[in-house]
Amino acid sequence: MNPYYVLGVRKNSTSKEIDESFNRLSEKYNPKNYAGDQFYAKKRLNEILEAYNILSHEDLKLEYDSKYNKHIELHSDSKNSFNKN
């Protein structure tokens, strides 16, 4: 799960933008407000909560960004070595 994608924010978003996105999405997918599939609404709301818990805590956000960057580097290195052969 990419918390930035789930909340629809950029990596350089401010905490205010993250909060606003969380509030908007959590209200939209709250099972009390959602007119569609309640199972989907609950699943989506859990994803939103998990993403917000990561991005709203600076230490968790930094940890996620560090792991994400290492993952990207690993895959870009393997693509480069694959193309050299």
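This is a predicted model: local features need pLDDT of at least 70, side-chain atom pairs count only at pLDDT 80 or more; totals for chains, interfaces and linings use all residues.

Biologist: What makes Ser-26 buried?

Modeller: Buried means under 20% relative accessible area. Ser-26 has 16% relative accessibility, so Ser-26 counts as buried. This residue lies in helix α2. Leaving aside neighbours within four places in sequence, Ser-26 is in contact with Leu-45 and Ile-48.

Biologist: Now for the rings. How many aromatic pairs does a search of the whole structure find?

Modeller: The search finds five aromatic pairs. One to look at is Tyr-29 with Tyr-40.

Biologist: Why is the pair of Tyr-29 and Tyr-40 called edge-to-face?

Modeller: Rings pair if their centres lie within 6.5 Å, and planes over 60 degrees apart count as edge-to-face. Here the centres are 6.0 Å apart and the planes are at 75°, so the pair is edge-to-face. Tyr-29 is in the loop between α2 (15-28) and α3 (38-55), while Tyr-40 is in helix α3, eleven residues apart. Ring pairs also link Tyr-29, Tyr-34 and Tyr-40 into a cluster.

Biologist: How do you know whether Tyr-29 is buried or exposed?

Modeller: Set its value against the cut-off of 20%. Tyr-29 has 9% relative accessibility, so Tyr-29 counts as buried. Over its ring sits the charged end of Arg-44, 5.1 Å from the ring centre.

Biologist: And why is Tyr-40 called partly exposed?

Modeller: Exposed means over 50%, buried means under 20%, and partly exposed is in between. Tyr-40 has 36% relative accessibility, so Tyr-40 counts as partly exposed.

Methods. Residues are numbered from 1 along each chain as its sequence is written. Side-chain values use heavy atoms; hydrogens and water are left out. Rings of Phe, Tyr and Trp (its six-membered ring) pair if their centres lie within 6.5 Å; planes under 30 degrees apart count as stacked, over 60 as edge-to-face and the rest as tilted. Helices (H or I, at least four residues) and strands (E, at least two) are DSSP runs, numbered from the N terminus. Buried means under 20% relative accessible area, exposed over 50%, partly exposed in between (1.4 Å probe, protein chains only). A charge sits over a ring if NZ of Lys or CZ of Arg is within 6 Å of the ring centre and within 35 degrees of the ring normal. Contact means heavy atoms within 4.5 Å.
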